[in-house]
Amino acid sequence: SPPGKPVIFKCSSPEKETFTCWWKPGANGGLPTNYTLTYYKEGEDTIYECPDYNTSGPNSCYFSKKFTSLWSVYIIRVYATNKMGISASDERLVDVAYIVEPNPPKNVTLEIQQPEDGKPYLWIKWVPPTLADTASGWLLLQYEVRLKHEKAVEWEIYFAGQQTNFKVLSFYPGYKYLVHVRCKPDHGLWSKWSEEHSIEIPSDLNMNDE
Amino acid sequence: SPPGKPVIFKCSSPEKETFTCWWKPGANGGLPTNYTLTYYKEGEDTIYECPDYNTSGPNSCYFSKKFTSLWSVYIIRVYATNKMGISASDERLVDVAYIVEPNPPKNVTLEIQQPEDGKPYLWIKWVPPTLADTASGWLLLQYEVRLKHEKAVEWEIYFAGQQTNFKVLSFYPGYKYLVHVRCKPDHGLWSKWSEEHSIEIPSDLNMNDE
Amino acid sequence: PMCPSGSSCRVSLRDLFERAIILSHYIHSLSSELSQEFDAQYSQGPEFFTQAMSMCHTASLSTPAGKEQAHQIHQKDFVILVIHLLRSWTEPLSHLIIEANHLPKAPDTLIAKAMEIQEQNQRLLEGVKKISKLVDPEIIDNGDYSVWLGLPSLQSNDLESRLFAYHNEFRCLRRDTHKVDNYLKFLKCQIAYDGSC
């Protein structure tokens, strides 16, 4: 039978300079099926084919800098073809600036702080990811921290706004805590969580004001 | 004796529309000494005298909008004259585009906000400095907030981008917090910090999600 | 602006301006670094380059030198002026990159910055052209730009004259990229935010 309808399930850009779209093939009708991605840019008539089916792995199309424009919406479609026929995915509209998925924050550090005049707190610090746009100092990233002790099931999630550090005031001595941090540009997607970092809280830590 | 050599120690523009230069008189040789500022502009031969010695106070020259043009170098010199002779400062080269140093932000206000569905946060708000026309887009300001509780040694500094408010998410109940805000044009110099503002955080403030 | 398929949808004028400004801000920051890096590397004394100041090849373009003058230019003429300013650097930038390799001990970072500026300048030119079409579809861009005649000085046998030539080009690049950045931020508020950001 003709191939099933493919679905473009994700398009994202790590740094607003390049981007990739991925699709899920439909049922292949038991026959060898070939996939073609085509696109055109709003305001232009020419229809182009995917410039690079390889760089981002199977069922993907990679648009390098040369093929990535910030100034137009891309209208993208994938066709599945076999001997019995052809089927087309729905159109996917892509505006590169709105699909930025940055790399995770880096250099996450954890410390127990014991101020002379206050309760101890867990101080989490990090630095923004390497991203061409933050280099221009113009893209505002927002951050989220998740934390739990080893035996807990649920993560506690804290929104840290634009801060690149966060103080956790409520935690239990004697436990090992696991921490991840992620980030998101104002219009864009959350990054993956950073690598896991952990810290052992001494069981004899005095939790009251000094 | 003839007057000592004056020194033009600063030229700056608060809003990229006017600018002022200040000079330090040299020794006045014990005689009444008169100061004259002259300038000419790159690519022009005509030498002009300071248009306004008063608006910006003693030993200063104020260039109103009428006399201010960006992206053209002013070559400026100050002469000190008394009965015994005359002495000239070194030439000062000024491009108004690169000497913008705004006044500090104004009307800084602090509030504790307790959203129904989230943790309480300290909300800091301010308005751009006087004279700064950010609405037209001719001047674009970025802001920085610094904050610490009374007993803390270190300031915590947060970059707020172009927003005129900032949410601080990690802080201690029962402490008095001190806050300053400053601003900088996109390509210019930081203002001084605003006046200090403070807020007492109630010690019974519930720091968890409602 | 993800919109349902079938309906025509494009990047809004506000978004186009926001993106153009991210680029113009970045390009000017790079140009300032490039100019300072060159002066730091090749200056032979505090006043060495002050005598090097000469007119920029774009001086013939009448550009507003203050906010009031900026308000007096018709918006679509102002957009075209920005296009002319950007286009006036296409040729000099490509020659600067080629010739800079012949500078004594030319630092890689200096050439890399010039190349990045060239690339982003072309990107920004494409963006401002797109903006101009939205500002006024009837807009006519006659392909104008300021002719650059600076190549011979970049190839001068006399090292000092050559250094003066480079200093002046980088100084003019810094100035013109600042103008473009400033004008785009102003035009964004005037055009896309009805005069008040």
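The model on the screen is predicted, and over all its chains it holds 6 disulfides.

**Chain B: two links to select**

Begin with B:Cys50 and B:Cys61, whose sulfur atoms lie 2.2 Å apart and form a disulfide. Looking along this link, one finds a torsion of 105° about the S-S bond, and the link is right-handed. B:Cys50 sits in the loop between strand S4 (48-49) and strand S5 (60-63) of chain B, while B:Cys61 belongs to strand S5 of chain B, so that the pair links distant parts of the chain, 11 residues apart.

Next, select B:Cys11 and B:Cys21, which are joined by a disulfide with an S to S distance of 2.0 Å. The torsion about the S-S bond of B:Cys11 and B:Cys21 is about 110°, and the disulfide is therefore right-handed. Because B:Cys11 lies in strand S1 of chain B and B:Cys21 in strand S2 of chain B, the pair ties together parts that are 10 residues apart in sequence. B:Cys11 is buried, at a relative accessible area of 7%, and B:Cys21, at 0% relative accessibility, counts as buried as well.

With strands S1 and S2 of chain B still in view, move to the loop between strand S1 (7-12) and strand S2 (19-24) of chain B, where B:Lys16 is found. As a general rule, most residues other than glycine have a negative phi. B:Lys16, by contrast, is a residue other than glycine with a positive phi, near 65°. Is B:Lys16 buried or exposed? With a relative accessible area of 3%, B:Lys16 is buried.

**Chain C: a link across the sequence**

Now select C:Cys56 and C:Cys172, which a disulfide joins with an S to S distance of 2.1 Å. Here the torsion about the S-S bond is about -85°, so the disulfide of C:Cys56 and C:Cys172 is left-handed. C:Cys56 lies in the loop between helix H1 (13-42) and helix H2 (67-72) of chain C, and C:Cys172 lies in helix H7 (residues 159-192) of chain C, which means that the pair ties together parts that are 116 residues apart in sequence. C:Cys56 and C:Cys172 are buried. When the bonded cysteines are counted along chain C, its disulfides follow the pattern 1-2, 3-4.

A cysteine without such a partner can be selected next, namely B:Cys183, which is in no disulfide and has as its nearest cysteine sulfur that of C:Cys189, 16 Å away. B:Cys183 is buried, with a relative accessible area of 0%.

Of the 210 residues of chain A, 48% count as buried. The accessible surface of chain A comes to about 9900 Å², and 51% of it belongs to carbon and sulfur atoms.

Within chain A, find the open sheet of 4 strands, whose order is S12-S11-S14-S15 with antiparallel pairing. Strand S12 (156-161) and strand S15 (197-200) of chain A each have a single partner strand, so one side of each is left without a neighbour in the sheet. Neighbouring strands of this sheet are turned by 25° against each other on average, direction ignored.

For a view inside the sheet, select strand S11 (residues 141-149) and strand S14 (residues 176-185) of chain A, which run antiparallel and are joined by 9 bridges. Across this pairing, A:Tyr143 stands opposite A:Cys183 in S14 of chain A, and A:Cys183 is buried, with a relative accessible area of 0%.

**Last stop: A:Asn107**

Finish in strand S9 (residues 106-113) of chain A, where A:Asn107 has its place. Although A:Asn107 is not a glycine, its phi is positive, at about 50°. A:Asn107 is exposed, with a relative accessible area of 56%.

Note on methods: Residues are numbered from 1 along each chain as its sequence is written. Chains are lettered from A and ligands numbered from 1 in the order in which they are written. This is a predicted model: local features need pLDDT of at least 70, side-chain atom pairs count only at pLDDT 80 or more; totals for chains, interfaces and linings use all residues. Side-chain values use heavy atoms; hydrogens and water are left out. Two strands pair if DSSP finds at least two bridges between them. Helices (H or I, at least four residues) and strands (E, at least two) are DSSP runs, numbered from the N terminus. Axes are lines fitted to C-alpha atoms, for helices over the stretch in contact, and angles run from 0 to 180 degrees between N-to-C directions. Buried means under 20% relative accessible area, exposed over 50%, partly exposed in between (1.4 Å probe, protein chains only). A disulfide is a pair of cysteine sulfur atoms within 2.5 Å. Accessible areas come from the Shrake-Rupley method with a 1.4 Å probe; for residues, only the protein chains shown count as cover.
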